[in-house]
Amino acid sequence: MSRTALRICPLCEATCGLTLTIEGTRVTGARGDRDDVFSKGFICPKGAAFGAVDGDRDRLRAPLVRKDGTLREATWEEAFDAVAAGLRPVAERYGPDAVGVVLGNPNVHTVAGGLYPPVLVGALGTRSLFTASTVDQMPKHVSSGLLFGDANAIPVPDLDRTDHLLLLGANPLESNGSLCTAPDFPGRLKALKARGGRLTVVDPRRTRTAALADRHLAIRPGTDALLLAAMAHTLFAEDLADPGHLAPYVQGLDELREALDDFTPEAVAPACDLDAGDIRTLARDLAAAPTAAVYARIGSCTVPHGTLASWLVDVLNVLTGNLDRPGGALFPQAATDRTPRPAGPGRGFRLGRWHSRVSGHPEAKGELPLSALAEEIDTATDAGTPVRALIAIAANPVLSAPDGDRLDKALASLDFMVSVDPYLNETSRHAHVVLPPPPPAQSPHHDFAFNTLAVRNQVRYSRPAVPLEPGRMAETEILARLVLAVSGMHGTDPAAVDAMVIDQTLARAVRDEHAPVAGRDPRALAALLAGENGPERRLDLMLRLGPYGDGFGARPDGLTLEKLLAHPHGIDLGPLRPRLPQPLKTRSGRIELLPEPVAGDLPRLRAALRERPAGLVLVGRRHLRSNNSWMHNVPALTGGSNRCTVHIHPEDAARLGVRDGADVRVKGAGGEVVAPAEVTDGIRPGVVSLPHGWGHDRPGTRLGHAGTDPGVNVNQLLDGSLLDPLSGNAVLNGFPVELTAVVARP
C-alpha cells in the first residue's frame with residue numbers, strides 16, 4: 001500500500017518542496033508540492049528523479065574499514081574505533097594542522113552538514129580547512145566581507161519585483177540558481193519579461209538563459225570585472241551615479257571614482273571584445289530603470305579577477321541606488337539567523353590571518369584554497385608539518401579540484417583518511433574508513449545555508465520521509481561521533497555533542513543584553529526546547545533565538561519548532577525587506593566602497609586591459625540534470641544532452657580540422673584529456689567548453705553506471721597555480737588550452 005510524504009529537495013539550491021510516493025520503505029515517485037509556500041509545485045528533472053537518487057544500489061549500506069590494504073565492510077563500532085585510533089595519534093604527534101578537513105558542496109544540502117562541521121573543526125583546532133567554496137563562490141564571500149564587514153552578507157536580486165536584471169556568468173535555466181535560492185528561476189525570469197521588465201545576459205555562450213534574454217553580449221571569458229568597472233566609470237562620467245537612500249551608509253565614493261578613472265569603455269572594449277557603445281548602453285539602462293539588480297555567478301567567480309568582479313557587482317547596485325531596496329538587491333533574513341544586533345560598527349573582515357604552508361596562500365573566511373591541498377600533503381618544507389591525515393565530508397576533490405592526478409597520488413600517501421560519503425568514489429576510495437550516511441529520504445531537511453540566500457523569506461522543515469533502515473546510522477550521529485573521536489571522547493554518547501552546543505549557545509545568549517533571553521537561567525531555557533533528538537532541539541533553539549523566534553516566550557507569536565511542524569508546507573515570512581544599516585559589520589559601520597585589499601588589486605586589473613589570449617580559452621558549463629559529480633550514477637539523469645563533450649564554434653572547428661562527434665585532444669598546463677567534439681554556434685569563436693564533474697574512470701570505485709560513460713575530468717587541464725589572489729579561488733574558466741583533432745588509426 002502506497003503513501004505520500006513531504007520532503008524538501010536536497011539536490012540543488014532551488015530547495016523545492018516535493019511530494020514523495022512511498023511503497024513500504026522505497027520512494028517510487030516524486031512530484032512538486034503545490035502547497036509549498038516557496039516553490040508552489042515547481043520541480044525539475046533532478047527532483048523528479050529523487051527516488052532513483054535515493055535508491056541507487058551503489059550507495060554504501062555499511063561502513064568500510066581498510067584491512068590489509070583492502071576496504072571491507074565493518075560494524076559502526078569497528079569503524080569509529082578505527083577513526084579514533086587513526087586520527088588522534090596524528091594530531092598528538094604532529095599538531096592539529098597535520099589533520100586536514102575537506103568539506104564538499106553537499107554539506108550545505110543537509111541538516112548534518114549545516115550543524116556539525118564547525119564543531120568538528122573547532123574540536124580539532126586545525127587551520128588546514130579546505131572546502132568547495134574555493135572552487136566556486138569564495139570571491140563573493142570575500143567581496144561581501146570587505147564591503148559590508150560580513151562574508152555571509154550576500155545581497156540577492158529581488159527577482160519577483162525588479163524591472164531590470166543584468167546577469168553575468170550565470171545560467172540559472174540550467175543551474176536553477178546559485179547564491180540566489182529561487183525555485184522556478186526560469187518562471188521568475190519569464191514573469192520579469194511579462195511585466196515589461198528587461199533581462200540582459202553577459203556570457204560567452206548562448207545558453208538557455210541567454211536565449212531568453214532581451215540582450216545577450218558574448219563577452220570574452222574572464223573579463224567581467226573590466227566590463228563592470230567600465231560601467232561604473234560611465235555612471236560617474238555621465239553623472240548617473242546616485243546612491244540615493246544609501247548615501248548615509250556609504251563611504252569612499254570619491255576615492256572609488258578616482259580608482260576607476262582608467263577603465264573607460266574605450267579602454268575596456270578590446271579586452272572584453274565588446275563595443276564601447278554597448279558598454280555605455282548597459283550602464284545607462286541600469287541607471288534609468290525604475291528598479292534594477294546586477295547578479296553574477298560562477299562564470300564571474302572562477303576567473304583571475306573573481307573578487308573584483310564580485311565587488312563591482314555590488315558597487316553597481318550601490319551606485320544606482322538599487323542595493324537594499326525592493327526590486328533591487330536585498331539581504332535575506334533567514335529564520336535561523338542570529339538575533340539581529342543593533343546597528344553600529346563591527347569587527348570588520350580580515351584576510352590572510354594565516355597562510356598555507358607551501359605556497360603562502362592567505363586564508364579567506366578561515367579556509368585555504370582547495371587547489372593547495374595536494375601540495376599541503378605531498379610537499380615538505382621548513383614551515384611546518386604536511387597534512388598527514390584527512391577528514392573528507394561529502395567531498396570528491398579528485399574531480400573538483402585542479403590537477404586531480406596529483407591529488408590522487410597525494411591522498412594515497414596519507415597516514416590516515418576518513419571519508420563521510422555514500423559512495424566509493426574517486427576520492428573516498430583512498431580512505432582508511434568510509435562512513436556512509438543514509439539516503440536523503442531517511443534524513444531530515446532544513447536549509448540553513450540557502451535560506452540566507454533566498455529571494456523570499458520563508459522557513460520549512462522536513463522530518464525523514466522513511467524510517468532509518470536497520471544497520472544505518474543517521475548522518476547527524478556520524479558527524480557527532482566524529483567530533484567525539486577527534487576530541488579524545490570516543491565512546492561517549494553522541495548526544496553529548498548537541499547538549500554541549502546548546503549549553504554554550506544559551507550561556508552566551510543570556511549574557512547578551514540584546515538577546516530576548518538576557519539574564520535568564522540557561523538550564524531552564526534548555527529544558528524548554530522541543531524536538532525528538534539533539535539536532536531538532538538545536539533547530540528549535542536557533543528558531544527561538546532567531547529574528548522571527550518567540551524568544552522563549554518573549555514574543556508569544558514567534559517561531560518555534562512546534563509551530564513549524566504544524567505547517568508541513570512551510571511558513572511564508574514575506575518578501576525581502578530593506579535592512580540597512582543592521583547587516584553592516586565593518587569597522588566604520590558603513591559600506592566601504594574601496595577596501596584596501598581591493599584597491600591593492602586594481603593594478604592587476606589595469607594590466608588586464610592589455611591582455612589578449614593568443615589561442616583558445618576554455619569555460620565550463622552546467623546541465624539541468626546534473627550537479628557537480630553527484631548524479632552521474634543515476635541513469636535517469638545522464639544521456640541525451642547531458643554528455644561530456646567539447647563545445648567548439650564552427651569557425652574554430654574548420655580551422656583546426658575538427659569534425660562533429662570526432663575525438664579532440666585538449667591540453668592545458670596540468671595535463672590533457674580526450675573527448676568528443678560537439679560543433680555548435682552556441683559558443684563564441686575562440687572559446688571551447690567542457691562540463692565539470694566528469695572523469696569516472698579511476699579503478700577502485702563503485703559507480704557502476706557512471707563508469708559506463710565516464711567522461712573526462714576538465715580540472716585535469718589545470719595545475720593548480722591559477723588562483724584569484726584575494727580569495728584563493730581556483731581559476732576554472734577562461735584559461736588557455738590547446739586543441740587538436742585526434743587522428744583515427746587505420
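How many nonpolar, polar and charged residues does the lining of the largest cavity have? By class, that lining has nine nonpolar, three polar and three charged residues. This is a predicted model, and the structure holds four cavities of 30 Å³ or more.

**The largest cavity**
- The space in the largest cavity comes to about 120 Å³.
- Its lining is made up of 15 residues, and the closest to the centre are Lys140, Pro155, Tyr295, Ala296 and Val313.
- Of the elements, α15 gives the most, with four residues.

**The second largest cavity**
- About 40 Å³ of space lies here.
- Among the residues lining the second largest cavity are Cys9, Cys12, Cys16 and Cys44, along with Phe42, Ile43 and Asn176.
- The lining of the second largest cavity divides into eight nonpolar and two polar residues, with no charged ones.

**Helix α13**
- Helix α13 covers residues 276-288, and at 1.5 Å a residue its 13 residues should span 18 Å; the end C-alpha atoms are 18 Å apart, so the two values agree.
- Ala276, Ile279, Leu282, Ala283 and Leu286 are the buried residues of α13.
- An α-helix has 3.6 residues a turn, so residues three or four places apart point the same way.
- At the N-terminal end, α13 is capped by Asp275, with a side-chain oxygen 2.8 Å from the backbone nitrogen of Gly277.

Key: Residues numbered from 1 in each chain as written. Predicted model: local features only at pLDDT ≥ 70, side-chain atom pairs only at ≥ 80, totals over all residues. Heavy atoms only, no water. 1 Å grid on protein atoms, 1.4 Å probe; cavity = no way out; pocket = protein on both sides within 12 Å on 5 of 7 lines; lining within 4 Å. Points joined across faces, edges and corners; volume = space filled by probe spheres on them. Helix = DSSP H or I, 4+ residues; strand = E, 2+ residues; numbered from the N terminus. Nonpolar A, V, L, I, M, F, W, Y, C, P; charged D, E, K, R; others polar. Expected span 1.5 Å × (residues − 1). Buried < 20%, exposed > 50% of the residue type's maximum accessible area, 1.4 Å probe, protein only. Polar contact = N/O pair within 3.5 Å; in protein donor to acceptor, adjacent residues only side chain to side chain.
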